[in-house]
Amino acid sequence: MKFNRVWISLVMLATIVLTIFAGIYFLDDRRFFVISLLILMQIFIPFAFLYESRKPPARELVMIAVLVAIAVAGRAAFFMLPQFKPVVAVVIISGVALGGEIGFMVGAMTILVSNIFFGQGPWTPWQMLAMGLIGLLAGALFHHRNKSISRVVLAIFGALVTVVVYGGIMNSAGVLMFQPQPTRDMFLFSFMYGLPFDIVHGVATAVFILLMARPILEKIDRIQTKYGDFRRNS
Amino acid sequence: MFILHPVMLVISFVCAGVYAFLLRGVRVLMRGLVLLLPMMLVAAAMNPLFNHRGVTILTYLPNGNPVTLEAVLYGLAVAGMLATVITWFVAVNAVMTADKIVFLFGRFWPALSLLLSMSLRFVPRMIRQGRVIVVAQKGLGRKPNALKVISILMTWALENSIETANSMTARGYGLRRRTAFHLYKFHRRDVFALGWMITMALVVGVGVALGVNRYRFFPSVQFHALSGASVIVFVSYFALGAVPIILRAKEVLVWKRINSAM
């Protein structure tokens, strides 16, 4: 299992590097959009097969589905306030409570599901990647000590990650999607243009983490104690 | 999404527009486009502001960089492309219902597609339970705030999830050779439609690769005159984009005929 995972990651990395070089040499370094889409696919497809090969237990699937539904319902509940959404907060808390892999699943799946309700677009895969990465990061950094982590640290992490990772990826994606010949200035402009929205989004995330992290972490912990940790005995 | 030839853009936009109109009506289509108007403006404005290539200089920016006619045209083409993509997605959102996505996923990734369909099911369930909680709290004489409700909802949902999972395991989740219900079969007409689309896409692809309909923006606008080859590419592109319209129109006609016969 461990070997398998390392293997797939290496192959994934190699194909991505190959794609970038193919883009530079065969497509004249001009087809940014095609290359970026290919790379997105090369991230999602191995991840999906890796996840399937693990044969996740029913408890894990239902737990992820519940977290996704909470996040989507949260987005729906606050739909009248643009950018002020609890989605990132729920994704981060999921990653902290259950680890990076489940954090990634909750993040990517939340975007897919909520866009089924709110409208898909060419931005869907980018949002899925950004949100998944946030869950993954939260799990990698905080999962091993989720009992002692302070809310303030998590909130600061949440705000930062929302602006840097989510904002960074989505602002770049905007340029990559709609500007066939992007320049550095376009990226800079896109970041400047997006920054106010990202800051509101980041502040919202921090607020929601401050308010929700403790109760949700406790609840997930409680359910794991009461019925046994599904990752140990499925 | 990366063909910026004006004629191709117009063909694609018209096909997408007619199809989205047939599916959703004019209001949904207009709302989608109006919502995206600021994004289109930014995309269109970005080019003349940051792209200074092109030979026809219109004016100079305060920082001394030129604004060129070519960059303005290019920006307009980009905005047109954006509008086309958005219009296609208005149609996609109408056509790609959740069950189809789950079916497509389910072939390769049964666990992920199950996860997707469960999440979809849980969303309305959560919203309904949220309302129940609000009513119950009010009945107790409390004033529930959003966070309190989410907290209660979370406990309920997690506790419930255990029951769901146990039930799934009891009914054989994870056993091999379990299939998902679906109504889709691959008929001969599907073979025909798929073959048609692949052929047309190939013609367009080869045409674009050979550059028969190249449209150059920089340094000066330049394009090939209409030739036999480029007309073939345009017609094939239209034949590709019109497929969903023809299918939809046929369904509507058949439906009307059956209704009037009754």
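Tutor: Chain A contains 8 helices and 0 strands, where helices (H or I, at least four residues) and strands (E, at least two) are DSSP runs numbered from the N terminus. The order along the sequence is α-α-α-α-α-α-α-α. The radius of gyration of chain A, taken over C-alpha atoms, is 18 Å, close to the 17 Å of the globule rule for 234 residues, so chain A is as compact as a globular protein of that length; the rule is 2.2 Å times the number of residues to the power 0.38. This is a predicted model, in which local features need pLDDT of at least 70 and side-chain atom pairs pLDDT 80 or more, whereas totals for chains, interfaces and linings use all residues. Residues are numbered from 1 along each chain as written, chains are lettered from A and ligands numbered from 1 in written order, and side-chain values use heavy atoms, without hydrogens and water.

Of the 234 residues of chain A, 56% are buried, that is, under 20% relative accessible area with a 1.4 Å probe, counting protein chains only. A nonpolar core is a set of buried Ala, Val, Leu, Ile, Met, Phe, Trp, Tyr and Cys residues joined through side-chain atoms within 4.5 Å. The largest has 115 residues, and those with the most contacts inside it are A:Ile92, A:Met109, A:Leu154, A:Ile220 and B:Met126. Helix 3 of chain A (residues 58-77) gives the most to this core, 14 residues. Beyond its neighbours within four places in sequence, A:Leu154 is in contact (heavy atoms within 4.5 Å) with A:Ile92, A:Val96, A:Phe142, A:Ile149, A:Ile209 and A:Ala213.

Definitions and conventions. Buried < 20%, exposed > 50% of the residue type's maximum accessible area, 1.4 Å probe, protein only.
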